[in-house]
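Here's a quick briefing on a protein structure. Take a look at the picture first, then we'll walk through a few residues together.

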Amino acid sequence: ERRGQNWLKSFWHKPVLPTPLGPPPCTARCAMPDMEISAAAQSGDGTVTNVGVKMNGSFQCPECRQKFESEKAKQLHWKFIHD
């Protein structure tokens, strides 16, 4: 093995110990209680299949499952995603 690789292996394989400060800070999985999300920004219906898919749009993209609230939004989606 090259010089230094033993140290690197031992460093990466050490268990993570709890700190006296408590658990690590919350990441993206925690919602911010004072944050409001507009209805236009929400997507999905709570199922894994529809994560990220806008379900209440009236304008269906012909190439994917995404829906939009306006023709203009669908055209912009097409331009930047499929074209």
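**Charged pairs and cysteines**

With a relative accessible area of 33%, Glu71 is partly exposed. Keep in mind that this is a predicted model. Two salt bridges turn up when the whole structure is searched, and Glu71 takes part in one of them, with Lys74. Side chains of opposite charge can pair when their charged atoms come close.

**The Lys74–Glu71 pair**

- Lys74 and Glu71 join their side chains in a salt bridge, at 3.5 Å from N to O.
- Both sit in helix α2, three residues apart, so about one helical turn separates them.
- That helix, α2, covers residues 71-82.
- Lys74 has a relative accessible area of 19% and counts as buried, because the cut-off for buried is under 20%.
- Leaving out residues up to four places away in sequence, Lys74 touches Phe59, Gln60, Cys61 and Phe68.

**The Lys54–Glu69 pair**

- Lys54 makes a salt bridge with Glu69, and their closest N and O atoms are 3.5 Å apart.
- Lys54 belongs to the loop between α1 and β1, while Glu69 belongs to the loop between β2 (67-68) and α2, so this pair ties together parts that are 15 residues apart in sequence.
- Lys54 is buried, at 9% relative accessible area, whereas Glu69 is partly exposed, at 48%.

- Ala41 is found in the loop between α1 (5-12) and β1 (59-60).
- Its relative accessible area is 54%, so Ala41 is exposed.
- Along the sequence, Ala41 and Lys54 are 13 residues apart, and in space their C-alpha atoms are 8.7 Å apart.

**The cysteines**

- A disulfide is a covalent bond between the sulfur atoms of two cysteines.
- How many disulfides are there here? The count comes to zero.
- Cys64, at 26% relative accessibility, counts as partly exposed.

Conventions: Residues numbered from 1 in each chain as written. Predicted model: local features only at pLDDT ≥ 70, side-chain atom pairs only at ≥ 80, totals over all residues. Heavy atoms only, no water. Helix = DSSP H or I, 4+ residues; strand = E, 2+ residues; numbered from the N terminus. Contact = heavy atoms within 4.5 Å. Buried < 20%, exposed > 50% of the residue type's maximum accessible area, 1.4 Å probe, protein only. Salt bridge = Lys/Arg side-chain N within 4 Å of Asp/Glu carboxyl O. Disulfide = S-S within 2.5 Å.
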